[in-house]
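Hi,

Here is the structure I said I would pass on. Have a look at it first, and my notes follow below.

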Amino acid sequence: MIVVMKSGTPEAEVNRLGSEFEELGLTPEKIVGAHKVVIGLVGDTASFDIARVQELSPWIEDVLRVEKPYKRVSLEYRHGEYSDVVVPTPNGDVIFGPNHPVVVVAGPCSVENEAMIVETALRVKAAGAKFLRGGAYKPRTSPYAFQGHGESALHLLAAAREASGLGIITEVMDTADVEKIAEVADVLQIGARNMQNFALLKKVGAQDKPVLLKRGMAATIDDWLMAAEYVLSEGNANVILCERGIRTFDSKYTRNILDLSVVPVLRSLTHLPMMIDPSHGTGVSDFVLSMAKAAIAVGTDSLMIEVHPNPAKALSDGPQSLTPDAFDHVMKELAKVEKLTDRAQPALAIA
Ligand code: PEP
Ligand code: MN
């Protein structure tokens, strides 16, 4: 249930009402939007009569039920206002949201050694990326495939952060590693294979680093939003949703089917910002530019692109990785598309 307060409601009244809801056994959450204050109520609200709630204060403008299974992530919960996720990085705050320039996250699938990660960081930064991605802990289909260098790769990510000033995004697969990874990462990635690892979702929800939640390869949009709801329900509202392709019957020419329709669909359902990953979405480096352009055209807030100094020798995901030179070209092409959109001050134009 959400309670929309009239504009100009005194703060003391919002707080008084909040305490009253708490006494009624509900969990009130004050959401201060650009125009209005809204009180989100989670708990057993089914038994509460809307008219009775309305009578609790003359400052209440409206009382609405959120009919969806997810509450905090729903667009209604913020009364139709999209939220920004602001991530502090050494180079300054980076904002993910529909009214901000497209943010590009780039880097190798796996952190392989210090030279390659630092070189990639400097190249992608020069091309206009705002975050370096790179896996220290890798979810691999085969137990015999390279599993990532683990903790030692976290130190290499820290070195690349130091050298480039880029924010770091890296995957966490195990609840036991969350604190250690959060010391280095500016954003914690939950991979497609762990989208419904509820223990992990609760754990990242209880810490204060933003979370990049990739869509499971066979997850519906509702499954995905419910997974995000786990993170928000533990107190962490900074979630970015990343589409990385889903499994369908035809996987002959691309690794996955990149579902770009999620952009308008998510925009109609949730206030959370979103990201598109054309690298895992297609699995083919030659297809990355087309799908990245399409993603910007359709309105994504951010992109994730895999870049490796020598894709032919990459320890994971070489076929979908761009060389730094190819990434330079991609960024220039993407800047042209971004200019055609109505986003504030295109950022990719620095390429
Ligand atoms: C990755 O980002 O390298 C990765 C493993 O992604 P996904 O979870 O989408 O497969
Ligand atoms: Mn990868």
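This is a predicted model: local features need pLDDT of at least 70, side-chain atom pairs count only at pLDDT 80 or more; totals for chains, interfaces and linings use all residues.

Let me begin with ligand 1. Of the 13 residues around it, the ones that come nearest are Arg133, Lys138, Ala192, Arg193 and Arg244 (a residue is near a molecule or strand if one of its heavy atoms lies within 4 Å of it). By class, that shell has seven charged, three polar and three nonpolar residues; here Ala, Val, Leu, Ile, Met, Phe, Trp, Tyr, Cys and Pro count as nonpolar, Asp, Glu, Lys and Arg as charged, and the others, Gly among them, as polar.

Residues are numbered from 1 along each chain as its sequence is written, chains are lettered from A and ligands numbered from 1 in the order in which they are written, and side-chain values use heavy atoms, with hydrogens and water left out.

Back to ligand 1 and its polar contacts (pairs of N or O atoms within 3.5 Å; within protein, one must be able to donate a hydrogen and the other to accept it, and residues adjacent in sequence count only if both atoms are side-chain atoms). Arg133 puts a polar side-chain atom 2.7 Å from an oxygen atom of the ligand. For Lys138, the distance from a polar side-chain atom to a ligand oxygen is 2.9 Å, and Gln189 also has a polar side-chain atom 2.9 Å from an oxygen atom of ligand 1. The protein covers 97% of the 300 Å² of accessible area that ligand 1 has on its own (Shrake-Rupley method with a 1.4 Å probe; for residues, only the protein chains shown count as cover).

Cys109 sits in the loop between S7 and helix H3 (114–127) and Asp317 in the loop between S14 and helix H11 (324–340), so the pair ties together parts that are 208 residues apart in sequence. (Helices, H or I and at least four residues, and strands, E and at least two, are DSSP runs numbered from the N terminus.) Both Cys109 and Asp317 are buried, where buried means under 20% relative accessible area, exposed over 50% and partly exposed in between (1.4 Å probe, protein chains only). Asp317 has a relative accessibility of 17%, and its phi is positive, about 55 degrees, although it is not a glycine.

Glu306 takes us to strand S14 (residues 302–306). Five of its five residues are buried, so S14 is largely enclosed by the rest of the structure. Ser302, Met304 and Glu306 point one way from the strand, with Leu303 and Ile305 pointing the other way. S14 has a parallel pairing with strand S7 (residues 103–107) over five bridges, and another with strand S13 (residues 274–276) over two bridges; two strands pair if DSSP finds at least two bridges between them. Leu303 in S14 stands opposite Val104 and also opposite Ile276.

Now for strand S5 (residues 85–89). S5 pairs with strand S6 (residues 92–96) in the antiparallel sense over five bridges, and the two form a hairpin with two residues between them. Val94 in S6 is the bridge partner of Val87.

His79, in the loop between strand S4 (60–64) and S5, is another non-glycine with a positive phi, about 50 degrees; at 35% relative accessibility, His79 counts as partly exposed. Ala121 lies in helix H3 and is buried, at 0% relative accessibility.

Cheers
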